[in-house]
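Trainee: Could you take me through the reading of strand pairing and burial in a model of this kind?

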Amino acid sequence: MSTEGEYESVLCVKPDVNVYRIPPRATNRGYRAADWKLDAPDWMGRMRITAKGKVAYIKLEDKVSGELFAQAPVHEYPGIAVETVSDSSRYFVLRIQDDNGRSAFIGVGFGDRGDAFDFNVTLQDHFKWVKQENEIIKNAQAADSGPKLDLGFKEGQTITLNIGQGKKRDKPRPQSSGGLGLLPPPPGGKIAPPPSSSNQNTVQPLARETQIGCLLELDSSNSNTMVQSNPSSDLWGDFSAPASSVLPPAPRQDPASGNWVQF
């Protein structure tokens, strides 16, 4: 049943529909459209299918004024409110009701098979949605009736939170090598090896590297003008030069000879 405050939505509108008076059903075979006077419908108008809550309403209205001719409330489909005929897919049997609760069965038909298909699918989609809603409500009720997880504190139970009292982590500082800052090497020079933990080890490799660098620079500058020396020659030089260019050694004076000159 529909409840107060629910809005009514329009599901489908078909502008052309025919209404027929049908004879009572004599057997359980179902209705046949061939038993109706299909060439002489008893009423012609439009059909509007609406939904209010879970109930669908098939309303037959006048094309011009929109005055309601009859309506059929549908609580389930397929069901007794809407039935198909056995010999055609364009004709249906509706159970209409008035405000006093009186009901009657009439036949309706569409001139186009597409309109009949839309009418059928509209009712199927609505009650498919109703079925899904019922399953959701049923699952929610089953979850509420089951045991619930108690996450509350028991009597005497407490909890302690430490907020803003955490230890601050100091960032690691780079270790200094003996407290002496090394200047960057001059352009084109060689880079000294990394300093060690003691001052003595820091200064000695730097002095040795400087001495080696000076020797290498002297070696490279004198490599083109190096003179090979004879290991057997004495301190007087090369005797192959002319005798005139070599001066004789100065004569020694004997202390006993006095002022005599030695010839």
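Mentor: What follows goes through a pair of hairpins and then one histidine. This is a predicted model, in which local features need pLDDT of at least 70 and side-chain atom pairs count only at pLDDT 80 or more, while totals for chains, interfaces and linings use all residues. Residues are numbered from 1 along each chain as its sequence is written, and side-chain values use heavy atoms, with hydrogens and water left out.

Trainee: With which strands does β6 pair, and in what sense?

Mentor: Strands (E, at least two residues) and helices (H or I, at least four) are DSSP runs numbered from the N terminus, and two strands pair if DSSP finds at least two bridges between them. Here β5 (residues 82-84) pairs with β6 in the antiparallel sense over three bridges, with Thr84 bridged to Phe92 in β6, and six residues lie between the two strands of this hairpin. β6 also pairs with β7 (residues 103-109), again antiparallel, over seven bridges, and Leu94 stands opposite Ile106 in β7.

Trainee: How many residues of β6 are buried?

Mentor: Buried means under 20% relative accessible area, exposed over 50%, and partly exposed in between, using a 1.4 Å probe and protein chains only. In β6 (residues 91-97), five of the seven residues are buried.

Trainee: Is His126 buried or exposed?

Mentor: His126, which lies in helix α1 (residues 113-145), is buried, because its relative accessible area is 8%. Leaving aside neighbours within four places in sequence, His126 is in contact (heavy atoms within 4.5 Å) with Leu11, Ala51, Gly53, Lys54, Val55 and Ala56.
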